Amino acid sequence: MSRNRKPLFTDQPARPALEEAELQKTHMRRVRQKTEQIANEKGRPLKGCVVTFGCQMNARDSEKLRGVLEECGFEQTDDEKEADLILFNTCTIREHADQHLYGRLGEAAGLKKKNPDLIIGLCGCMMQEEQIVRKIRSSYPAVSLIFGTHNLFTLPMLLDRVLEEKRRVIELWNGTDMIVEDLPSKRKYPFKAGVNITFGCNNFCSYCIVPYVRGRERSRDPEEILKEVRSLAADGVKEIMLLGQNVNSYRGGEGPEGSFPGLLEAVCRVDGIERIRFMTSHPKDLSDELIEVIARNEKICRHIHLPVQSGSSRILEKMNRRYTREHYLDLVAKIRRAIPDVSLTTDLIVAFPGETEEDFQDTLTLVDEVGFDSVFTFIYSVRNGTPAATMPDQIPEDVAHERFDRLLTLVQKRGQEMSSRFEGQTLPVLVEEKNRTPGMVTGRTSHNLTVHFEGDESLIGKIVPVYLAESRGFYYFGKMR
Ligand code: SAH
Ligand code: SF4
Ligand code: F3S
């Protein structure tokens with residue numbers, strides 16, 4: 001078929017990263033002229049809706065997409081029904097994520113029947129998978145724009161083509177070494193913000209698709225990170241979340257800020273920033289220096305998300321996690337000695353290929369021993385192209401579900417025991433939003449525990465002392481002091 005002769009994925013074009021932002025800004029101005037003209041014809045402003053699936057990394061990318069769309073002349077909306085452009089920022093971490101997208105895409109295609117001018121776009125991790133893009137290209141004619149994780153910043157250029165050529169535009173890259181700075185971004189919260197420090201992942205855990213869809217690990221320049229943090233602080237942001245698939249492997253050059261602990265300390269020195277979080281820490285790379293830095297800097301939140309994945313060293317080896325159960329438990333002990341009241345949370349996968357009842361028991365005893373404040377539990381999901389997909393002894397679904405239920409029961413019991421340990425204390429709480437109950441607001445402690453208490457909207461974005469009167473399992477009812 002002649003249509004398929006051109007490869008779907010191409011190498012990144014030979015354009016210097018430094019000029020990329022300027023190039024995209026030129027396209028933003030051109031798109032804006034076009035959208036203004038359409039808005040005039042329609043007698044109303046155009047609206048854009050970005051729908052986000054997946055992790056914090058995608059949430060941050062969506063802020064960049066929203067910033068660009070706004071510059072391109074699209075007002076923001078969360079209502080797909082009133083949108084002139086819907087952009088799905090997809091995730092493909094588990095099978096379920098893929099299915100979810102197809103459902104939403106079907107609904108969007110229905111909207112396009114009523115509004116033929118509607119532009120439906122797709123980007124993000126799922127679009128880096130060739131068989132998925134082929135399926136969408138042939139089965140979803142309503143989609144007019146597809147791009148991937150490596151060329152996210154080319155949205156203005158691609159949108160310009162969609163409006164100009166009035167036909168479907170697909171541009172996908174095999175990878176990139178570019179990090180494009182200085183493009184617009186529209187933050188979701190005025191008081192807290194995610195800041196990328198690394199992109200991609202080099203770990204190749206045997207079950208995981210991320211290294212294939214996000215590419216090789218790249219670290220941002222520490223000065224660019226600090227510049228962004230300073231400007232966020234100047235804009236009133238109090239809490240920063242440093243983002244990367246494995247923040248501990250951050251390598252930003254030879255200077256003191258070129259390592260993750262050094263970078264954290266530099267972020268601590270930024271006036272106005274009162275809380276710093278980070279996601280995610282890989283247990284194989286969490287250094288003693290990092291533990292010391294957290295212990296001596298009160299601004300760094302007393303919460304570490306430290307995904308363990310399994311309690312069995314045998315399974316951990318098959319997962320290519322490069323640590324053992326014993327290493328993980330030693331690490332936890334070391335962290336607790338240095339930061340006694342720290343909250344630990346984790347991710348666990350049940351029913352990895354070859355997992356025996358004995359391996360699963362190791363996961364249960366690890367959960368019991370560590371005492372996590374909360375745990376994200378997942379049933380292993382086959383991802384095509386990963387080594388685990390072709391491993392022998394894939395676990396039957398009924399066994400997987402049965403183990404999952406047993407794990408969940410334990411995780412909830414231990415989580416409730418652990419997170420009730422602050423009852424009776426007064427702790428600083430960053431107020432994040434109005435509660436559904438009138439007259440109540442909701443915020444978080446440094447330990448990432450949720451607290452509901454009486455208060456009004458004017459408290460949002462402020463850090464206030466709250467007495468944690470009553471633990472209700474995973475959240476507290478409190479009283480402002
Ligand atoms: N970089 C992070 C994890 C990112 S993905 C880390 O290494 O900790 C978030 C979580 O999804 C993982 O921690 C893992 O528990 C889960 N996950 C990833 N691939 C999966 C798969 N194929 N099936 C089930 N869960 C998976
Ligand atoms: Fe996936 Fe492992 Fe990389 Fe995390 S560290 S993103 S689980 S490959
Ligand atoms: Fe999903 Fe991509 Fe994040 S696959 S979990 S959105 S890195």
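**Figure 1. Lining of the second largest pocket in the predicted model.** Four helices and strands, namely α2, α5 (155-165), β8 (192-196) and α7 (222-234), each contribute at least two residues to the lining of this pocket. The greatest contribution comes from α2, which supplies six residues. The volume of the second largest pocket is about 760 Å³. Its lining comprises 37 residues, of which Arg60, Lys64, Val180, Glu181 and Leu183 are the closest to the centre of the pocket. By residue class, the lining of the second largest pocket consists of 15 nonpolar, eight polar and 14 charged residues.

**Figure 2. The largest cavity and the residues that line it.** The lining of the largest cavity is formed by Gly48, Val50, Arg66, Leu69, Glu70, Phe74, Glu75, Gln76 and Thr77. Two or more of these lining residues come from each of β2 (46-52), α2 (56-71) and β3 (74-76). Three residues of the lining are nonpolar, three are polar and three are charged.

**Figure 3. The surroundings of ligand 3.** Around ligand 3 are found Cys55, Asn58, Cys91, Thr92, Ile93, Cys125, Arg214 and Gln245. This shell contains four nonpolar residues, three polar residues and one charged residue. One of the surrounding residues, Cys55, is situated in the loop between β2 and α2. Cys55 has a relative accessible area of 37% and is therefore classed as partly exposed. A distance of 27 Å separates the C-alpha atom of Cys55 from that of Val399, a residue 344 positions away along the chain.

**Figure 4. The largest nonpolar core, with the contacts of Leu242.** The largest nonpolar core has 66 residues, and those with the most contacts inside it are Tyr207, Leu242, Phe260, Leu264, Tyr328 and Ile335. Helix α8 (residues 260-268) provides the largest share of this core, with six residues. When neighbours within four places in sequence are set aside, the contacts of Leu242 are Val195, Ile197, Val247, Phe260, Leu264, Val267, Ile276, Arg277, Phe278 and Met279. Another core, of 28 residues, lies apart from the largest one and includes Leu101, Ile120, Ile136 and Ala142.

Figure 5. Most residues other than glycine have a negative phi, and most peptide bonds are trans. The peptide bond that joins Met279 and Thr280 is cis, with omega at about 0 degrees. With a relative accessibility of 29%, Asn320 is partly exposed.

Conventions:
Residues are numbered from 1 along each chain as its sequence is written. Chains are lettered from A and ligands numbered from 1 in the order in which they are written. This is a predicted model: local features need pLDDT of at least 70, side-chain atom pairs count only at pLDDT 80 or more; totals for chains, interfaces and linings use all residues. Side-chain values use heavy atoms; hydrogens and water are left out. A residue is near a molecule or strand if one of its heavy atoms lies within 4 Å of it. Ala, Val, Leu, Ile, Met, Phe, Trp, Tyr, Cys and Pro count as nonpolar, Asp, Glu, Lys and Arg as charged, and the others, Gly among them, as polar. On a 1 Å grid over the protein atoms alone, a cavity is a set of points where a 1.4 Å probe fits but cannot get out, and a pocket is an open set with protein on both sides within 12 Å along at least five of seven lines; lining residues have an atom within 4 Å of a point. Grid points are joined across faces, edges and corners, and a volume is the space filled by probe spheres set on the points. A nonpolar core is a set of buried Ala, Val, Leu, Ile, Met, Phe, Trp, Tyr and Cys residues joined through side-chain atoms within 4.5 Å. Buried means under 20% relative accessible area, exposed over 50%, partly exposed in between (1.4 Å probe, protein chains only). Contact means heavy atoms within 4.5 Å.
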